[in-house]
Amino acid sequence: MRLWKLKVKSLLFVTFLFIITFALVKFIVNQGSGNVQFTYQKEGGMPGSLNVHIWEELCGEKMLSLTQFPLFPQGPSARLQTPNLRLYFRPQSENSGLRIFGFLSPFESGDYSFYLDTSETSELWLSLDSNPENSKLIANSTSGQEWKFDSNLNSVFLLAGKRYYLEILLKIGKYEWIFHHFEVKWKSSSWRENDIREIPSNVFIASDRFKQVRTFDRNTNFVLPMHSKHQDPRFATEELQRRAEMYLLPFISEKDSKNLFPACDYNPSYLVKGPLKRYQSTWELHYSSIYPFDYSDVVCKAKNDFLSLGNDQLDKDIAEAVASQVWIQLEKQHPGKYSFVRTLNVEEKHDQRTGDRYLVELELKENSVGRPVRFSEYVYRPWGAQTLCTPVGVAWKKSAVVNILLTTGNNQGRWILHFLENMARIYNRTKDANFNVVIVDFDSKDIDIDNALKKAAIPSYQYTNTKGDFSRALGLQKAAEMVRDPNSILFAMDLHLDIPYHFLDDVRKHSVQHKIAYCPLLVRLGCGATATEPFGFWEIYGLGLITLYKSDWDKIGGMNVKEFKEKWGGEDWEFVDRLLEAGMEVEMLKMLHFFHYFHSKKGMWNNINSHAKGDILSKYWYTY
């Protein structure tokens, strides 16, 4: 009995010590103490520190969630410095990515080996000179490893006094336990003692090209290596890739494609005939079905994973029969001029009362020159008829200018730069100059938008700055009023997106003046998801991204600025209510490779001057 009591007392004492130790360490982690030295400094070029760039709100431990993030490497959430490479992370650092970089200049020549001790997914890169593009991966570690050093077996020779580019990538996941840490040590053949040592801060030199500034400007004249090149999203099949990239094909002569069939009236039964109650348009929209199937289902990783379904699939026999009728009629009217290659796309808007509308797109060969060309027109089949006709007024303008309307406020500078680069890539890939970027800015302080637009590789833009609190409805309306051509297209855009190359072509062919507006639906990515590893869900309830002709925008009165000037949310559905009441229809399709990146509302649109430096200079990590 005495021995039993002694064991119980010992167990209670050990438990008591564990609780006290745990509470003490937790207090240090969350509150700091006299032994804690915070490692944050304003960036500069002085020796004794390395640059630290941080990306917040990136869930998971995978390094690709950092390296494939669209704002990596040039658009971090914060730019800081650290004087050493022994870091203990605070809870606020969870779901973030870090890039620690600068120059290493040892005092002694020798063969050096580097060692990692980390609880995080990490990579250590080193260049044998000062050029970041020559850096090589010399050590790495995956999340969940035990506390042990992991080194590259091959040492590298470093010359005393020479600068070497050094870089560390860290991916921190969910903060599930207290000792989230990272440390790098080294060992040199020039030392008498064969021991592993901490790397002293006086061998570090931060780059002075990445100062902690309020405005975002990517022209630093300093190349940051990508290590993992940003990749375009993959296509499930070659058939889908051909459909998405049909914008590369020139169109057949317009006189050959127009009015292939007899004209017929187009008056769908689902058009709204009277006034709607507020947001009743929610129940008045109809989806189209497509062929070939686009495999656009995405997995939503939630408590219980579920499948977010893509576009409805059009029956293959129906699609091929319609495409065949179009080709036969084209060959009949222009015998021998073209050869059929393949069916690229057929979309059906089904109406069981009046008939079905089809968008038919074919790849042909123009026989006289042997080049591939594209047919793309709307046709109609009245209910009960076996033959097609040309619906009056339903034709799309293949060279219409697309005005992309964007309104923004503070703290969005890095996403504005991403948007401009995205549009520049589309322009470079498609050579399509028939678009115009229109930005209304509510007095941003973190970016010089006018200067960014001048540097952007896009064909045309308009810009104005306005005072007052951010209002999406007011900003979009101001942007629309800047467009003068009633026969051009307006697209209400948003930030935090990846826009696919086929975007402009997709917008044009689904926008028909006086008849059809278009709401392309996107995938709302989950936290940590990227375009190359997408998981999330199709956003079917948000209609904020909408395209229609300027004349139709003006006809319904534009955005409801009076009601939605001081609030945000619901203005898109109210806009669609009025569109349907005006006798138009709204096409809804899920646009392949159109992504919205996860972000919280934290700090959005706020005045940047309201954030004190201390808000970020003590929250990520500490060191002893």
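This report covers the fold, cavities, aromatic pairs and backbone details of a predicted model.

## Overall make-up

The protein chain has 624 residues, and 54% of them count as buried. Its secondary structure comprises twelve helices and 33 strands.

The chain exposes about 28,600 Å². Carbon and sulfur atoms supply 52% of that area.

## The largest cavity

The model holds seven cavities of 30 Å³ or more. The largest has a volume of about 270 Å³. It is lined by 19 residues. Closest to its centre are Arg243, Glu347, His502, Asp506 and Leu592.

Four elements each supply at least two lining residues: α3 (238-244), β20 (338-349), α9 (503-509) and β32 (585-596). Strand β32 gives the most, with four residues. By type, the lining of this cavity divides into eight nonpolar, four polar and seven charged residues.

## The second largest pocket

The second largest pocket contains about 760 Å³ of space. Its lining numbers 33 residues. His230, Gln231, Asp232, Arg425 and Tyr501 lie nearest the centre of this pocket.

Helix α6 (residues 413-430) is the main contributor here, giving five residues to the lining. The lining residues split into 15 nonpolar, ten polar and eight charged.

## Aromatic pairs

There are 18 aromatic pairs in the structure. One of them joins Trp55 and Phe72. This pair is tilted, with 5.1 Å centre to centre and 55° between the planes. Trp55 sits in strand β1 (residues 50-55). Phe72 lies in the loop between α2 (64-67) and β2 (78-82). The two are 17 residues apart, and the pair links distant parts of the chain. Both Trp55 and Phe72 are buried.

A further pair is formed by Phe251 and Trp396. Its geometry is edge-to-face: 5.6 Å centre to centre, 70° between the planes. Phe251 is in the loop between α3 and α4 (254-257), while Trp396 is in the loop between β23 (390-391) and β24 (402-408). They are 145 residues apart. Phe251 counts as partly exposed because its relative accessibility is 26%, between the 20% and 50% cut-offs. Trp396 is buried, with a relative accessible area of 1%. Elsewhere, ring pairs link Tyr112, Phe114, Trp186 and Trp191 into a cluster.

## An enclosed helix

Helix α12 (residues 571-581) has eleven residues, and ten of them are buried, so the helix is largely enclosed by the rest of the structure. The buried residues are Glu571, Asp572, Trp573, Glu574, Phe575, Val576, Asp577, Arg578, Leu579 and Leu580.

Several elements provide the cover. They include α8 (472-482), β29 (516-525), β31 (547-549), α10 (550-555), α11 (561-564) and β32. Just after α12, Gly583 takes a positive phi of about 90°.

## Cis peptide bonds

The peptide bond from Phe72 to Pro73 is cis, with omega near 10°. Pro73 is in the loop between α2 and β2. Phe72 is also the ring partner of Trp55.

A cis bond also joins Tyr291 and Pro292, where omega is about 0°. Pro292 lies in the loop between β16 (289-291) and β17 (298-300).

Asn95 has a positive phi, near 55°. Its place is the loop between β3 (86-89) and β4 (96-104). Asn95 counts as buried because its relative accessibility is 15%, under the 20% cut-off.

His514 also has a positive phi, near 70°. This residue is found in the loop between α9 and β29. His514 is exposed, with a relative accessible area of 51%.

Technical notes
Residues are numbered from 1 along each chain as its sequence is written. This is a predicted model: local features need pLDDT of at least 70, side-chain atom pairs count only at pLDDT 80 or more; totals for chains, interfaces and linings use all residues. Side-chain values use heavy atoms; hydrogens and water are left out. On a 1 Å grid over the protein atoms alone, a cavity is a set of points where a 1.4 Å probe fits but cannot get out, and a pocket is an open set with protein on both sides within 12 Å along at least five of seven lines; lining residues have an atom within 4 Å of a point. Grid points are joined across faces, edges and corners, and a volume is the space filled by probe spheres set on the points. Ala, Val, Leu, Ile, Met, Phe, Trp, Tyr, Cys and Pro count as nonpolar, Asp, Glu, Lys and Arg as charged, and the others, Gly among them, as polar. Buried means under 20% relative accessible area, exposed over 50%, partly exposed in between (1.4 Å probe, protein chains only). Accessible areas come from the Shrake-Rupley method with a 1.4 Å probe; for residues, only the protein chains shown count as cover. Rings of Phe, Tyr and Trp (its six-membered ring) pair if their centres lie within 6.5 Å; planes under 30 degrees apart count as stacked, over 60 as edge-to-face and the rest as tilted. Contact means heavy atoms within 4.5 Å.
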